[in-house]
Amino acid sequence: MIDLRQLRENPDQFLARLNLRGDYSAPIREILALDQQQRQIEVERSQLQARSNEIGKQVGQKIKSAAKDDPEVQALRDQGNQIKAQLGELEPQEKAIKAQLEALALTIPNLPDPATPVGKSEEENVEIKRWGDEYLPAQAELPHWEIGERLGILNFERSVKIAQSRFVTLIGAGAALERALIQFMLDRQTAAGYTEISPPFLVNTASLTASGQLPKFAEESFKCDKDDLWLLPTAEVAINSLHRDEILEAESLPLHYCAYTPCFRREAGSYGRDTRGLIRLHQFDKVEMFKFVHPDTSGPEHESLLQNAEAILQALRLPYRVITLCTGDLGFSAVKTYDLEVWMPSQGKYREISSCSNCGDFQSRRGNVRFKEAGKKGTQFLHTLNGSGLAVGRTMAAILENYQQPDGMVKLPKALQPYLNREML
RNA sequence: GGAGAGGUGGCAGAGUGGUCGAAUGCGCUCGACUUGAAAUCGAGUGUACGCAAGUACCGAGGGUUCGAAUCCCUCCCUCUCCGCCA
């Protein structure tokens, strides 16, 4: 959620930064107007209520002093009724305006960080690092789905029978590899200080709204029609709501969590893209990292989050690069995002395998997660960060392609061998 | 799914129409006493908006009333028992 006070106090500066994402002038103008109306009505309403409270007290006193039938009592009652009538008009107005304001404000994305490069589309994302050139395979071979199907460890056709396209069934060593990767990543991230969470895989509307998936991106999630429940699109949603409506002690920060969950996405509007393989599925596994931090520390916390994600790729000896998303490609809730892209030999390019975002206080406003500093009065919104550590399906795809041998076999990265008790798939 | 009970401040728990943001206890903070601690005593201790006065919040929403934590309606959630079930 945007900070209405910040907008109100400095609308031009606010809009200038927001418009680095696209043109939000119209809704912002509307929000400012609604905000002003709302505040005006609120002043009027609370004055009437003060008067009404006073009348209520007076009536109570008169009645107590046995003057039940005092004509003054009737006069006060009449006044009370008058005020009630006025409030009866103001209150619905104020409520309607508040609801409108809230609904509109929830559709405004976060302001980009000054460090986020300005750009219109993913073309203008900035590469900041490459790692692992020495591990690039000598020549491009088969795409991972062919490798996997030859080995008999992935099956897409049968998944259509079971479900639909964009699902996979893992068999034998494939299933074991997935399990090993999950275990490996969780081992690494818990060793890095993240507390492991296993959250519900169904989440309610409030949780999706808090993290920013709703109201704007309802099309992207699967909904259970009969209940107020949706299939989890990412563990970020669940962990972000772990402390929803709480006031934490400053000393308890930072909180570092990680979680393995499946993720469910409708992938609406991506019909032609990545139709084969493990890259874009309706269901995939991910180990997610999530941090609740003091606002002063979110910058460094973001850097270390990135390092924790990179560490997995380095341990697996998978070549990758790091890019900073530009303002035009930045996700809805983020102020700054690093994407990790792993080398996919069959495609001859780097593909996203992790996204590490600093969301500032955007999600904590939406989820009302605050902290209190000893000695300071009032509360503050904390900062949240999230990052994949990593997407399991894409990691598996990258391993199959980067570790394929001339004979069609696939070697296992050294770090994984103990988990599977074997060297080759 | 059937039957019942209930949702009040960090926790426990009073309050069933009037000055109740809410008794009391516990917890917590500060102070006194003490060599130190415990015990004891004293003061304080929710959130949001507002410069303030003040307003709002006792699961959520609506209603009755001059006035609602308290009465009525709807919804949500939790707990107990039974049934079913991993």
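Where does Pro254 lie? I found Pro254 in the loop between β8 (247–249) and β9. The model I am reading is a predicted one.

**Entry 1: cis peptide bonds**

I looked up Pro254 on account of its peptide bond. The bond from Leu253 to Pro254 is cis, with omega near 0°. I noted another cis bond between Leu214 and Pro215, where omega is about 5°. Pro215 sits in the loop between α8 (205–211) and β6 (223–224).

**Entry 2: chain A as a whole**

I then went to the overall figures. Chain A has 13 helices and 16 strands. Its C-alpha atoms fill a box of roughly 105 × 45 × 45 Å along the principal axes. Of the 425 residues in chain A, 48% are buried. I also checked how far apart in sequence the contacting residues are. Among contacts in chain A with a separation of 6 or more, 74% are between residues 24 or more positions apart.

From UniProt I took the domain record. The unreviewed entry lists residues 177–413 as "domain: Aminoacyl-transfer RNA synthetases class-II family profile". In the model, the chain over residues 177–413 is 27% helix and 30% strand. The end C-alpha atoms of that stretch are 11 Å apart.

- Thr379 has a polar side-chain atom 2.6 Å from a phosphate oxygen of RNA strand B.
- Asn53 has a polar side-chain atom 3.0 Å from a phosphate oxygen of RNA strand B.
- Arg370 has a polar side-chain atom 2.9 Å from a sugar or linking oxygen of RNA strand B.

The elements giving two or more residues to this surface are α3 (25–64), α4 (71–105) and β14 (370–372). The largest share, 13 residues, comes from α3.

**Entry 3: the annotated binding site**

Next I took the UniProt "binding site" annotation, again from an unreviewed entry. The annotation covers Arg265, Arg266, Glu267, Glu352, Ile353, Ser354 and Ser355. From this set, the lining of the largest pocket takes in Arg265, Glu267, Glu352, Ile353, Ser354 and Ser355.

I followed two of these residues further. Glu267 lies in the loop between β9 (255–264) and β10 (283–293). Is Glu267 buried or exposed? Glu267 counts as buried because its relative accessible area, 12%, is under the 20% cut-off. Leaving out residues up to four places away in sequence, Glu267 touches Arg166, Glu220, Arg280, Leu281 and His282.

Ile353 has its place in strand β13 (residues 349–358). At 2% relative accessibility, Ile353 also counts as buried. Its contacts, with residues up to four places away in sequence left out, are Leu313, Leu340, Glu341, Val342, Ser388, Leu390, Ala391, Arg394 and Thr395.

**Entry 4: Asn308**

I looked up Asn308 in helix α10 (residues 298–315). Asn308 is buried, with a relative accessible area of 17%. Beyond residues up to four places away in sequence, Asn308 touches Gln189, Ala192, Tyr194 and Met289. With Tyr194 there is a polar contact of 2.5 Å between the side chains. I also took the distance from Asn308 to Lys349, 41 residues apart along the chain, and their C-alpha atoms are separated by 23 Å.

**Entry 5: positive phi**

Last, I checked backbone angles at two asparagines. Asn368 is not a glycine, yet its phi is positive at about 55°. Asn368 is in the loop between α11 (362–367) and β14. With a relative accessible area of 24%, Asn368 is partly exposed.

Asn421 likewise is not a glycine and has a positive phi of about 55°. Asn421 lies in the segment after α13 (417–420). Is Asn421 buried or exposed? Asn421 is exposed because its relative accessible area of 74% is over the 50% cut-off.

Note on methods
Residues are numbered from 1 along each chain as its sequence is written. Chains are lettered from A and ligands numbered from 1 in the order in which they are written. This is a predicted model: local features need pLDDT of at least 70, side-chain atom pairs count only at pLDDT 80 or more; totals for chains, interfaces and linings use all residues. Side-chain values use heavy atoms; hydrogens and water are left out. A polar contact is a pair of N or O atoms within 3.5 Å; within protein, one must be able to donate a hydrogen and the other to accept it, and residues adjacent in sequence count only if both atoms are side-chain atoms. Helices (H or I, at least four residues) and strands (E, at least two) are DSSP runs, numbered from the N terminus. UniProt positions are given in the numbering used here, feature names are shortened, and annotations may be inferred rather than shown by experiment. On a 1 Å grid over the protein atoms alone, a cavity is a set of points where a 1.4 Å probe fits but cannot get out, and a pocket is an open set with protein on both sides within 12 Å along at least five of seven lines; lining residues have an atom within 4 Å of a point. Buried means under 20% relative accessible area, exposed over 50%, partly exposed in between (1.4 Å probe, protein chains only). Contact means heavy atoms within 4.5 Å.
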